[in-house]
Amino acid sequence: MKPVAEHCLRNQAPIAEALHPYLEAGGRWLELGSGTGQHGVFIAGREPQVQWQLSDVAEAHAGLLAWQSDAGLPNLPPPWVLDVTRDEPPPRDFDGVFTANTLHFVGGPVVDSLLCCAAGALVESGWFAAYGPFNREGQYTSAGNAALDGWLRGRDPDSGLRDEAEVIGWAADHHLAFVTAQDMPANNRLLIFTKKG
Ligand SMILES: C[S@@+](CC[C@H](N)C(=O)[O-])C[C@H]1O[C@@H](n2cnc3c(N)ncnc32)[C@H](O)[C@@H]1O
């Protein structure tokens with residue numbers, strides 16, 4: 001049976017809508033930490049001109065494969081097993097990299113590996129889009145985000161909500177230049193970067 005993440009069902013349409021301007025030109029996109037794969041399946045179904053590559057660690061692969069094969073979309077190839085901390089880096093031929101709800105979920109060194117992996121996979125001027133909850137100027141943006149942060153840090157003290165400005169600085173260290181940020185439903189944000197060099 002396919003695993004279902006309820007938050008994906010709630011947020012997939014606004015995410016796809018916000019990403020559309022970056023996708024309409026087509027090309028190849030890589031998703032890091034796809035989880036169930038619901039975002040990728042939804043986006044690939046709406047954007048047939050885009051080739052969407054799902055990926056996640058081995059533990060997530062069975063669920064991801066179930067969503068991908070059930071979708072039967074020609075622009076959604078089988079998912080890759082890709083642990084950003086240790087697997088062979090993807091080839092540098094992606095026009096975009098997307099990741100949702102990963103930067104707060106993993107520890108600091110994994111965030112760095114993820115940014116490194118994203119930057120390494122992108123062609124010059126390719127897009128990096130990071131969706132999820134972020135703090136702004138050191139502050140939580142909702143009580144729900146504060147509660148999520150407490151839960152994450154209880155599980156792994158090195159994880160937790162990142163400050164948006166901090167992420168922008170870390171991304172710059174990987175030649176990912178900040179372009180814009182957009183408010184999303186449920187106190188989430190979509191951060192857009194472009195690869196320089
Ligand atoms: C909170 S889940 C988000 C899943 C999905 N993107 C979503 O929005 O529902 C975080 C994801 O990060 C993935 N992840 C954790 N460590 C990772 C690593 N080292 N490399 C790649 N993905 C990783 C997990 O397997 C998980 O699928």
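Two strands are taken as paired if DSSP finds at least two bridges between them. On that basis, the predicted model contains an open sheet of six strands, arranged in the order β2-β1-β5-β6-β8-β7 with mixed pairing. The edges of this sheet are formed by β2 (50-53) and β7 (176-184); each has a single partner strand, so one side of each is left without a neighbour in the sheet. On average, and with direction ignored, neighbouring strands are turned by 20° against each other.

Strand β6 (residues 122-132) and strand β8 (residues 188-195) run antiparallel and are joined by six bridges. Within this pairing, Ala130 has Leu191 of β8 as its bridge partner, and Phe128 stands opposite Phe193 of β8. The pairing of β7 with β8 is also in the antiparallel sense and extends over eight bridges.

Three residues separate β7 from β8 in the hairpin that the two strands form. Ala186 lies in this loop between β7 and β8, and its phi is near 60°, a positive value in a residue other than glycine. For context, most residues other than glycine have a negative phi. With a relative accessibility of 53%, Ala186 counts as exposed. A positive phi near 70° is also found at Ser125, a residue of strand β6. Ser125 counts as partly exposed, at 44% relative accessibility.

How many residues of β8 are buried? The count is eight of the eight, so β8 is largely enclosed by the rest of the structure. In a regular strand, side chains alternate between the two faces of the sheet. In β8 both faces are covered: Asn188, Leu190, Ile192 and Thr194 are buried on one side, and Arg189, Leu191, Phe193 and Lys195 are buried on the other.

Helix α6 (residues 164-173), in turn, lies across β7 and β8 and runs at about 20° to β8.

Is Ser113 buried or exposed? Its relative accessible area is 19%, and a residue is buried under 20%, so Ser113 counts as buried. Beyond its neighbours within four places in sequence, Ser113 is in contact with Val84 and Thr85. Ser113 and Phe98 are 15 residues apart in sequence, and their C-alpha atoms are 15 Å apart in space.

Finally, the surroundings of the ligand can be considered. Which residues are closest to the ligand? Of the 18 residues that surround the ligand, the closest are His7, Gly33, Asp56, Asp83 and Ala100. Gly33 takes part through its backbone, with an N or O atom lying 2.8 Å from a nitrogen atom of the ligand. In Asp56, an N or O atom of the side chain is 2.6 Å from an oxygen atom of the ligand. The side chain of Asp83 likewise places an N or O atom 2.8 Å from a nitrogen atom of the ligand.

Conventions: Residues numbered from 1 in each chain as written. Predicted model: local features only at pLDDT ≥ 70, side-chain atom pairs only at ≥ 80, totals over all residues. Heavy atoms only, no water. Helix = DSSP H or I, 4+ residues; strand = E, 2+ residues; numbered from the N terminus. Axes fitted to C-alpha atoms, helices over the stretch in contact; angles between N-to-C directions. Contact = heavy atoms within 4.5 Å. Near = heavy atom within 4 Å. Polar contact = N/O pair within 3.5 Å; in protein donor to acceptor, adjacent residues only side chain to side chain. Buried < 20%, exposed > 50% of the residue type's maximum accessible area, 1.4 Å probe, protein only.
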